[in-house]
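Keep the structure open as you read.

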Amino acid sequence: MSQDAGLQPPIAIKKDSTLTTHGDIRIDPYFWMRLTDDQKTSKSPDQQTQQVLDYLNDENSFTETILKDTEPLQEKLYKEIVGRIKQTDESVPFFKNGYWYYTRYEEGKEYPIYCRKKETLQAEEQVMLNGNELAVDHSYYKIASWEVSPDNKVIAFNEDTLSRRIYNVRFKNLETGEFLEDILPNSNGDAAWANDSKTIFYTTKNKVSLLSERIVRHKLGTPISQDQIVYHEKDPSYYIGVYKSKSDKYVIIYNSSTLVSDYHILNADDPSGKFKQFTPRGTKHEYSIDHFEDKFYMVTNWEAQNFRLMETPESATSMENWKEVIPNREDVLLSNIEVFKDYLVISERANALTHLKVIDQKTKEEHYLDFGEPAYTVYSSINPEFETQQLRFGYTSFTTPNAIYDYDMGSRQKTLKKQNEVVGGHDPKNYVSERLYAEARDGTLVPISLVYNKNTTVASSTPLLLYAYGSYGSSTNATFNSSRLSLLDRGFIWAIAHIRGGQDMGRQWYEDGKMFKKKNTFNDFVDCSRYLIAKNYTSSDHLYAFGGSAGGLLMGAVVNMAPDLYNGVIAAVPFVDVVSTMLDESIPLTTNEFDEWGNPKNLESYEYMLSYSPYDQIKAQNYPNMLVTTGLFDSQVQYWEPAKWVAKLRDKKTDNNLLLLHTNMEAGHGGASGRFKRYREQALEYAFLMKLEGLHE
């Protein structure tokens, strides 16, 4: 679709910066767009800050003007999407330490209300935290997590008021309703109580790189100046954090890089004690730990590419004491476990589907939970109790709204506790779900999951939106999304390409889509696109692509590689300036990801990353219609990456197709906060697609 010839898009100022690496010279005319956090929040912006803000606002105005004719459609879509959500709603309560906990929403309110009832569900409700009241003075507000003290008297919660994922740990006395004066700043969003209910361990970040670096011990009622650092991670390739074991016996510090895990444990009855390393840190060893009675279970990839389950006495946790419980399997990825007194529940992934296996701890008898759809997702839900035969799990598919079940592992009977209601009604039989396999250029079969309305005629004229992520070993599951019905009921097909870079088909699937094999990720997506066209599910005039964050990198790569395949592309918070970002270790989260993408300070990595970096590979050619979104306060992918990318695309592209940039000036990586605000952005994205299809309602 061509833009109105009378409408001129913003033209960004060029200020050439010379970037030299390994003797290679790159000229970046938009490097100047980078602002610090202080500049972004300054009430008296300097000239550079004002130029950047003016450019972003001009792009927003241009996008608004181009999509002006879709505003009635955007409003209709927004009301449709929000109208399917049950406004007065609550979660299924779970029981822990004498209380039933649940979250509820009130009609018309944006934020959750966290509640509990003592001993029985018939008891009087106690509101622990009301997000609507706490958010009153903030344009963005999020409670990331909360933990109640072991004596049930105080709740610790992590709140973010800027959308930079920098949290303050705050406390509320649940007996008096008063907020404590203790406020612990610069947290990563997690905290763990010691068993004395007075000591709490929390994680602090590097204020520049935003990497979590220190675990700090705080005692309620004492000044922060007296807090003690109990662990300092000096290797910037690691993320760290702290949590409590399900058994409540241990406070656990975790350290994780792309290739290595490391744990330190402390008896929660001894809050002033010293943390003990679980086992010496390896060079390539990923694992997780769960405590049970007098031993630990470990899900580990030590000599096991798809992970295996091992155990060790809690008094002897070094690797030489580990014993195998479940071996490695070539065709099954062991994801994680849930430990109960009498049962083990194993979460597995095979053939791009998730599975749950139950093992009797005493008899070792095992069985799988069975589901009868071609593409679905099953997962272990909230299970805080040891002394129970009830497994709480969730189930969803492309056609089935998310449902929470309690499953009696002894009798093998499941009880539906709640299925998300689609207001206005939803019949799964009105939709068709399929699983296809596209042959990639190297002969690998790549799964594609798709869904469409049964009344949709599948043909070359059918609009199809193809989604993928394909990085960090993050698998994309077939789940229900009531918002998606607005596309499906207008004749769109929604599809997921389970490309390499995720773990959809096991650990090797991830290994074959990272570092020097990263281009497999992009090739898989392009080859899936061509397969769908060849099989007459759509055509290049009606094929659309969507990806966010690292999936936005995917979008940037494929529009350089095969722009003719797509009529439109949505790139959300896209990571597109790969080389410059990975060269700058002051940018948040860079150093932790060298084993994912490579370190461009090494020549071989530099050359490989440069060969696919979307920003660096922009060329004078036609590009599809594109909508790019970002957030000014994004800490994961800085706003300047998509801003620079759009500016350079405008300068280089040879077509007159739409190129739109929408920046949320108040939010970060996850978009707007609140239960409903974010659907404004989704309505904008859907309206963009429908405009390209000539659909007006």
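In which sense do strand β19 and β20 pair, and over how many bridges? Strand β19 (residues 287-292) and β20 pair in the antiparallel sense, over 6 bridges. Strands here are DSSP runs of E with at least two residues, while helices are runs of H or I with at least four residues, both numbered from the N terminus. Two strands count as paired if DSSP finds at least two bridges between them.

Some ground rules come next. This is a predicted model, in which local features need pLDDT of at least 70, side-chain atom pairs count only at pLDDT 80 or more, and totals for chains, interfaces and linings use all residues. Residues are numbered from 1 along each chain as its sequence is written, and side-chain values use heavy atoms, with hydrogens and water left out.

Back to the hairpin. β19 and β20 have 2 residues between them. In that turn, Glu 293 has a positive phi of about 50 degrees. Further along the pair, Ser 288 has Val 299 in β20 as its bridge partner. On to the next neighbour: β20 also runs antiparallel to strand β21 (residues 308-313), joined by 6 bridges. There, Phe 296 has Thr 312 in β21 as its bridge partner.

Is β20 buried or exposed? In strand β20 (residues 295-300), 6 of the 6 residues are buried, so the strand is largely enclosed by the rest of the structure. Buried means under 20% relative accessible area, exposed over 50%, and partly exposed in between (1.4 Å probe, protein chains only). In a regular strand the side chains alternate between the two faces of the sheet. Both faces of β20 are covered. Lys 295, Tyr 297 and Val 299 are buried on one side, and Phe 296, Met 298 and Thr 300 on the other.

Now look at another sheet. Its 4 strands form an open, antiparallel arrangement in the order β23-β24-β25-β26. β23 (333-339) and β26 (366-368) stand at the edges with a single partner strand each, so one side of each has no neighbour in the sheet. Ile 346 stands opposite Lys 357 in β25.

Next, the interior. A nonpolar core is a set of buried Ala, Val, Leu, Ile, Met, Phe, Trp, Tyr and Cys residues joined through side-chain atoms within 4.5 Å. The largest one has 118 residues, and Met 33, Trp 494, Phe 525 and Trp 645 touch the most other members. Helix α13 (residues 678-692) gives the most to this core, with 9 residues. Apart from it lies another core of 17 residues, including Phe 340 and Leu 353.

Finally, two helix pairs. Axes are lines fitted to C-alpha atoms, for helices over the stretch in contact, and angles run from 0 to 180 degrees between N-to-C directions. Helix α7 (residues 519-534) and helix α8 (residues 550-561) have axes that come within 10 Å and cross at roughly 65 degrees. That makes α7 roughly perpendicular to α8. Angles under 35 degrees count as roughly parallel, over 145 as roughly antiparallel, 65 to 115 as roughly perpendicular and the rest as oblique. Contact (heavy atoms within 4.5 Å) involves residues including Phe 525 of α7 and Leu 554 of α8. Helix α2 (residues 47-66) and helix α12 (residues 640-652) pack at about 65 degrees, with axes 12 Å apart. Their contact includes Tyr 55 of α2 and Ala 643 of α12.
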